[in-house]
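Subject: Structure handover

Hello,

Please find the structure below, followed by notes on what was found in it.

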Amino acid sequence: MSAYGAGDDPVPVTVIAPDTVLTTVAYDVAAQSIARNISTLAAEVTATVQSIDADVGATVNKGQRLLRLDRKDAQLTLARAKAELDRATSERELAAGRLSRGRELADQQFMSVDELADLATQVAMLDAQLAIAAVSVAQAQESLSDATITAPFDGVVPARAAQV
């Protein structure tokens, strides 16, 4: 009697080399993703936090407001700087008018060269004050814009130190 039993026909078998068989190999690997851009943001001005517009874990888009500081002091500084610029402009215009009139008087020998030089010096000094006032306005405008912190790129807020 055969191993297959009585009357069983032999079964054909095909042998395949192990390197031709398709197998799936799975690997488990511990990994960690690291962000391309990491930024620590901080205010460039000192003020009280007025609002926080992004919580920890929030997805943010580039340019999105994250935090707003109280802007009252910056607004007052800007108003003061603009007033100083207006004052310097008016003083400069007055001095320029005096210089122009002084030149006319000097041409007619009614004003000395020294007095005319004093008027010209005053105009030059007021030009410098005007430039300083213009810079003060620009700085005050910058401080006002620094009272808002925006996202520098798309990302996720990983942590927050500010409190309202």
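Predicted model: local features only at pLDDT ≥ 70, side-chain atom pairs only at ≥ 80, totals over all residues.

Residues are numbered from 1 along each chain as its sequence is written, and side-chain values use heavy atoms, with hydrogens and water left out.

Salt bridges

Glu-84 forms a salt bridge with Arg-87, and their closest N and O atoms are 2.2 Å apart. The term stands for a side-chain nitrogen of Lys or Arg within 4 Å of a carboxyl oxygen of Asp or Glu. By this rule the count is seven. Both residues of the pair lie in helix α1, three residues apart, about one turn of the helix; helices (H or I, at least four residues) and strands (E, at least two) are DSSP runs, numbered from the N terminus. Arg-87 is also partly exposed, at 33% relative accessibility.

Arg-101 and Glu-104 make another such pair, at 3.1 Å from N to O. They are three residues apart in helix α1, so about one helical turn separates them. Arg-101 is partly exposed at 44% relative accessibility, and Glu-104 is partly exposed with a relative accessible area of 40%. Salt bridges with shared partners also join Glu-84, Arg-87 and Glu-91 into one network.

Arg-92 and Asp-127 meet in a salt bridge at 2.5 Å, N to O. Because Arg-92 lies in helix α1 and Asp-127 in helix α2, this pair ties together parts that are 35 residues apart in sequence. Arg-92 has 26% relative accessibility and counts as partly exposed; Asp-127, with 33% relative accessible area, is partly exposed.

Helix α1 and the cores

Helix α1 has 36 residues and spans 53 Å from its first C-alpha to its last, close to the 52 Å expected at 1.5 Å a residue (the expected span is 1.5 Å times one less than the number of residues). Its buried residues include Ala-88 and Gly-102, and α2 is part of what covers the buried residues of α1. Just after α1, Gln-109 has a positive phi of about 70°.

The largest nonpolar core has seven residues: Ala-95, Leu-99, Ala-106, Met-111, Leu-119, Val-123 and Leu-126. Such a core is a set of buried Ala, Val, Leu, Ile, Met, Phe, Trp, Tyr and Cys residues joined through side-chain atoms within 4.5 Å. Two or more of its residues come from each of α1 (72-107) and α2 (113-145). Apart from this core lies another, of six residues, among them Ala-74, Ala-81, Ala-140 and Leu-144.

Two further residues

Arg-71 sits in the loop between β3 (65-69) and α1. Arg-71 is buried yet has no salt bridge, and the nearest side chain of opposite charge, Asp-70, is 7.5 Å away; Lys and Arg count as positive and Asp and Glu as negative, with His and the chain ends not counted. Leaving aside neighbours within four places in sequence, Arg-71 is in contact (heavy atoms within 4.5 Å) with Leu-144, Ala-147 and Thr-148.

Ser-39 is in the segment before β1 (49-52). Ser-39 and Val-11 are 28 residues apart in sequence and 70 Å apart in space, C-alpha to C-alpha.

Regards

Key: Buried < 20%, exposed > 50% of the residue type's maximum accessible area, 1.4 Å probe, protein only.
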